[in-house]
Amino acid sequence: MSLRLGDTAPDFEQDSSLGTIKFHEWAGDSWVVLFSHPADFTPVCTTELGLTAKLKPEFDKRNVKAIALSVDPAEMHKTWIKDIEETQKTVVGFPIIADADKKVAALYDMIHPEQSATATVRSLFVIDPNKKIRLSITYPMSTGRNFDEVLRVIDALQLTDAYTVATPGNWRDGDDVIIPLSVQDPELLKQKYPKGYTAERAYLRVTPQPNK
């Protein structure tokens, strides 16, 4: 199954390190970062889950819940969490899905046979409160993810949802943004962007203001 941006994230019920997860119910009205890792107790995965745990304050500020997945059983996850917390000096407060029957991996196309016939690759999905997939990134097993980029994209998604703007390449929170070309009327521009805007190189840059 191939999931595309804007698709509804498939719901599921599966065991986890924190007990049974009913995904849509667990997600509630939060944004979600759902990410898979190939196997418990592997060094790259250990660093990734440690980084995710340390980002909890940043996720909380953005109304984001993190949830990880591998095809290892829940009891192994629980043992591994102790190792993550000891080696990465953090507390793992998010669930790790125990996808032993690969049900969720199949729903989200997380097993790529040319990488491994049994283990998940490093898939990552950002899912909004309406359960729509807004971002998908797939890394090879050998390469750890850039979680700063995940936060950057979440910032951009939340900003562009709230305002009539787009973000340029390498944009970070606080940078200028772009007024879509569909907004041309001078009075509408003044209404939407009362702090001002400037024309530059065929696009308009602006400090965003709420939609009116």
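## A loop-to-pocket tour of the model

At a relative accessible area of 36%, Asp 109 counts as partly exposed; buried is under 20%, exposed over 50%, and partly exposed falls in between, using a 1.4 Å probe and protein chains only. The model is predicted, so to speak of a local feature takes a pLDDT of at least 70 and side-chain atom pairs count only at pLDDT 80 or more, while totals for chains, interfaces and linings use all residues. Numbering starts from 1 along each chain as its sequence is written, and side-chain values use heavy atoms, with hydrogens and water left out.

Back to Asp 109: this residue sits in the loop between α5 (103-107) and β6. Helices here are DSSP runs of H or I with at least four residues, strands are runs of E with at least two, and both are numbered from the N terminus. What is the phi of Asp 109? Phi is near 50°, a positive value in a residue other than glycine. Most residues other than glycine have a negative phi. Phe 41 is another non-glycine with a positive phi, about 70°. Phe 41 belongs to the loop between β3 (31-36) and α2.

**The chain as a whole**

The protein chain has 7 helices and 10 strands. Of its 212 residues, 46% are buried. Take the contacts (heavy atoms within 4.5 Å) with a separation of 6 or more: 63% of those in the protein chain involve residues 24 or more positions apart.

Here is how some residues score on relative accessible area.

| Residue | Relative accessible area | Class |
|---|---|---|
| Cys 45 | 0% | buried |
| Arg 122 | 2% | buried |
| Ser 30 | 7% | buried |
| Ser 17 | 8% | buried |
| Phe 41 | 40% | partly exposed |
| Lys 22 | 42% | partly exposed |

Which residue does UniProt mark as "active site"? The record, an unreviewed entry, puts that feature at Cys 45. UniProt positions follow the numbering used here, feature names are shortened, and annotations may be inferred rather than shown by experiment. Cys 45 is part of helix α2. Setting aside neighbours within four places in sequence, Cys 45 is in contact with His 37, Pro 38, Ala 39, Trp 80 and Arg 122.

**Two serines and a lysine**

Ser 30 is in the loop between α1 (23-27) and β3. Its side chain makes a polar contact of 3.2 Å with the side chain of Asn 63. Not counting residues up to four places away in sequence, Ser 30 touches Asn 63, Lys 65, Ile 127, Asp 128 and Pro 129.

Ser 17 is in the loop between β1 (13-14) and β2. Which backbone nitrogen does the side chain of Ser 17 reach? That of Ile 96, at 2.9 Å. With residues up to four places away left out, Ser 17 touches partners including His 77, Lys 78, Ile 81 and Phe 94. Ser 17 and Ala 68 are 51 residues apart in sequence, with their C-alpha atoms 9.8 Å apart in space.

Lys 22 is found in strand β2 (residues 21-22). Beyond its neighbours within four places in sequence, Lys 22 is in contact with Asp 11, Phe 12 and Glu 13. Phe 12 is 10 residues from Lys 22 in sequence and 5.9 Å away, C-alpha to C-alpha.

**The largest pocket**

The largest pocket has a volume of about 190 Å³. A pocket, on a 1 Å grid over the protein atoms alone, is an open set of points where a 1.4 Å probe fits, with protein on both sides within 12 Å along at least five of seven lines, and lining residues have an atom within 4 Å of a point. Points are joined across faces, edges and corners, and volume is the space filled by probe spheres set on them.

Which residues of the lining lie nearest the centre of the largest pocket? Of 14 lining residues, those are Lys 56, Lys 65, Ala 66, Gly 93 and Phe 94. α2 (43-54), α3 (56-61) and β4 (64-70) each supply at least two residues of the lining. By class, the lining divides into 9 nonpolar, 2 polar and 3 charged residues. Nonpolar here means Ala, Val, Leu, Ile, Met, Phe, Trp, Tyr, Cys and Pro; charged means Asp, Glu, Lys and Arg; the others, Gly among them, are polar.

Terms used
Polar contact = N/O pair within 3.5 Å; in protein donor to acceptor, adjacent residues only side chain to side chain.
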